[in-house]
Structures are given as C-alpha cells and as structure tokens.
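Here are some notes for a colleague who is opening this entry for the first time. Please read them beside the structure itself.

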Amino acid sequence: MAEMGSKGVTAGKIASNVQKKLTRAQEKVLQKLGKADETKDEQFEQCVQNFNKQLTEGTRLQKDLRTYLASVKAMHEASKKLNECLQEVYEPDWPGRDEANKIAENNDLLWVDYHQKLVDQALLTMDTYLGQFPDIKSRIAKRGRKLVDYDSARHHYESLQTAKKKDEAKIAKAEEELVKAQKVFEEMNVDLQEELPSLWNSRVGFYVNTFQSIAGLEENFHKEMSKLNQNLNDVLVSLEKEHGSNTFTIKAQPRKKTKLFSRLRRKKNSDNAPAKGNKSPSPPPDGSPAATPEIRVNHEPEPAAAATPGAALPKSPSQPAEASEVTCGTHPAAGAQEPGETAASEAASSSLPALVVETFSAAVNGTVEGGSGAGRLDLPPGFMFKVQAQHDYTATDTDELQLKAGDVVLVIPFQNPEEQDEGWLMGVKESDWNLHKELEKCRGVFPENFTARVQ
C-alpha cells in the first residue's frame, strides 16, 4: 500500500508539472500575441545582460589560461630536451660538466615549480570563480518560469473577477494561488537582485588578482631562469677559453647576385672585345705600354673647375675594385696614368647607361636622395650610419672589404639597389676614408652579420 501511495504521489506530481508547463506555454503564447500583458523589470534585465557578459568573458579567460599553461608545459618539455642534448654532447673530460648537469636539473625544477604555481594561484582560482555561475544561471531561469506562473495566476484571477457570472469560491482559490505565486517569485527575485550586481562588481578585483598573480609568477620565474642562464654562460665561457683554438667561425651569407664591380668589368670588357671572327691579339711583351691591363685604376686629369678640395669628379663606375680594394692609398698621383688608360676608361664610361652614370655621380657628390651625409665634408657622400666589425673577415672577392675586429665602417647606399645581396652592406672603412677621402679607392661590400651598428 505504501508503494502504491508513493507511486500515486509521484504520478500526481508529474501531472502537476505537466499542467504547469502547459499553463506557462499558453501564457507565453498569449503574451507574444499581445493578448496578455507581461511583467517587465528593466533593471533586472540589465543585470542578466551583465551576468551573461561576465560569464562569456570568464569562460574565455579560463580557456586562454589553459592554453597558456599548455604552452608553458610545451616550453618545459622543449627546454628539457635541449638541456638533455647539451648533456649528451658535453664530453666527460670537458671542464664544467658537473655544473652544466646541475644547471639542467635546476632548470627542470624551475619549470615544474612555475607550472604548478600557475595552476594553484591562477587556474584553480579561475575555476572557483566560474563555479558560481551555473547555479546562478539556473536560478535566473527558474525566476523566469515563476514570473510566467505569477502572470498566469494574475490573469486568471482578473478574468474571474471581470466575468459576468462570478463564482466566489473560484475567485478565492484563484486569489490564493496568485498570492502564493507572487510570494515565490518575489523571494527569488529579491535574492537575485542583490546577488547579480554584487557578482558583476566582483569581476574587477578578480581580474586584478588573477593577472597580478600571473605577472608576479612570470617575473620571478624569469629572474631565476636568468640566473641559471648566466651560470650556464659562465660554464661555456670557461670551456671556450680552454679550447679557444677550436672556436666556431662565423660565416657570411652567400652572395647570389652578380658582384657590382665584376658586372661593370664584364660590361667594359665586352665593349672593348674584338669583333666577331677576329682572333684575339697575342699578349704584348712585358714592360710595353700595352701590357698594362685595362682593369687598372684610371687617374684622369681633373678639370680646373674641380681643383678645389673635396670637389674631385668621380671616376667611371666601370672601374674594377681590384686595385682600389687591395692597394688602397698606393695609387700614383693624378695625371700619372699610363698610356691607353684614359681612352679605355672613357670608352667604358660612355658605354654605360646614362642613368647609372648619373646615379653614381650623384652618390659621389653627396646628392643621393635620403643620404644623411649629403653636404658634409667629413663623411662619405650618402653616408647612412656606422658599424663596427665584431669579427675578422677575409675578403673572398675583389669588391669586398677586408675587416679586422674593431674596424669602423661608414655605410653608404648601393648605387643600384638591385646589386645588393641579402645580408651584405656597402661601405668604406673609416680609417681609409679619413686618410684618402675617395670612395673609388676604398669602398666595398661586407657581410652585415660580422658587424654591429654603433651610430
């Protein structure tokens, strides 16, 4: 009997719930059709909008924080593998092996500690913060249902009162149901009216605490990691000192494009080549004027108008860098050119496009657009900035500068930007420029990664 009574209660409760759902659905339809008024609370609706926004922002923050922790974990694994690689290649007889192994162990412990503190002080706090939203969201939804029940009871009571045939018993029962529905709704409404604004305002303090914790943990982590890195650097410096003769040599980037001066030389040689079908003349005897190669540097007499200091006319851009690069400062004086040189240089100069000659002349006279050295007598024309050689560099071509660590180079633009290879700069060593003040004698290209900018 008790079991049947229990089943009866359960069945009755189910029937009651079904009836409530039907009544609410009917009430909502009437409200949407405008046949029944709906109780509105704009202030509460604003609180609900703020709540939904806060939930969305918190969920996104939680997702991004988990992504950040996953990245920390991945960096930990990558750092661990890198240190394991160092331990494997670090031979037993090398100095500092034990120190390097200890540093690797401390590095691993530091990553583990950092990750765990992020979980404890940020992620768990984040989870606790978001943990209160589901319950409040459920209560907001329940309040909405109770509001519909209240409106439905109110409309039912009003309809009984305005009926032509009044049934006092039904009116009394409807009034009792209305008071009950109103009481349930208002209790839930009052609680949420207090909680929602408080929850909305709490987001500021939560965000501040969360990001302060993350920032502080990351700051401490990097401080400790910096100490370990400095210790590892000291170990490697000791290793380098003991095996200094076997240090790794820095290499320049390969030059893929045609060399500037080599291209101009080929242009010059092709213009002076014998006609097709003619045999090449046999080499002249040593010591004769014709024995001087055409690639020798020309020193043409300067016009009277250019006799003032700093006003020298530029040489033909077709001149090679061999003599000017290798024997900088050892050329004969102006006017002492050897026979045949003036005619050869004039022919080469006339064979170049006018734009190349004009651009070259502008660069030498300091009128290249954008050149910071224009009009200054103490710097090369078109001077852009200074670099200092950090390593020795041995030139591998005639148009390259030979550098020693400590050399200061004045960087100038390429006359034709298309001639510039990636990772290479054009310049003249400051010592050569101060001594000769002539670009043609001393300019050349050099690898940028062998230098550091100083000005």
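1. In this predicted model, the side chains of Glu-158 and Arg-154 meet in a salt bridge, with an N to O distance of 3.7 Å. Both residues belong to helix α4 (residues 133-162), where they lie four residues apart, about one turn of the helix. Glu-158 counts as partly exposed because its relative accessibility is 36%, whereas Arg-154, at 13%, counts as buried.

2. Glu-224 forms a salt bridge with Lys-227, and the closest N and O atoms are 3.7 Å apart. The two residues are separated by about one helical turn, because they stand three residues apart in helix α5 (residues 168-242). With a relative accessibility of 38%, Glu-224 counts as partly exposed.

3. Lys-386 forms a salt bridge with Glu-430, the closest N and O atoms being 2.8 Å apart. This pair links distant parts of the chain, since Lys-386 is in strand β1 (residues 385-389) and Glu-430 is in helix α10 (residues 430-436), 44 residues apart. Lys-386 counts as buried at 15% relative accessibility, while Glu-430 is partly exposed with a relative accessible area of 21%.

4. Across the whole structure, a search finds 12 salt bridges. A network of salt bridges links Asp-135, Arg-139 and Glu-195.

5. Five strands make an open sheet in the order β4-β3-β2-β1-β5, with antiparallel pairing. Its edge strands, β4 (444-447) and β5 (451-453), each pair on one side only, and the twist from one strand to the next averages 50 degrees. Within this sheet, β2 (residues 408-412) and β3 (residues 424-429) pair in the antiparallel sense over four bridges, and Val-411 stands opposite Gly-427 in β3.

Definitions and conventions:
Residues numbered from 1 in each chain as written. Predicted model: local features only at pLDDT ≥ 70, side-chain atom pairs only at ≥ 80, totals over all residues. Heavy atoms only, no water. Pairing = 2+ DSSP bridges. Axes fitted to C-alpha atoms, helices over the stretch in contact; angles between N-to-C directions. Salt bridge = Lys/Arg side-chain N within 4 Å of Asp/Glu carboxyl O. Buried < 20%, exposed > 50% of the residue type's maximum accessible area, 1.4 Å probe, protein only.
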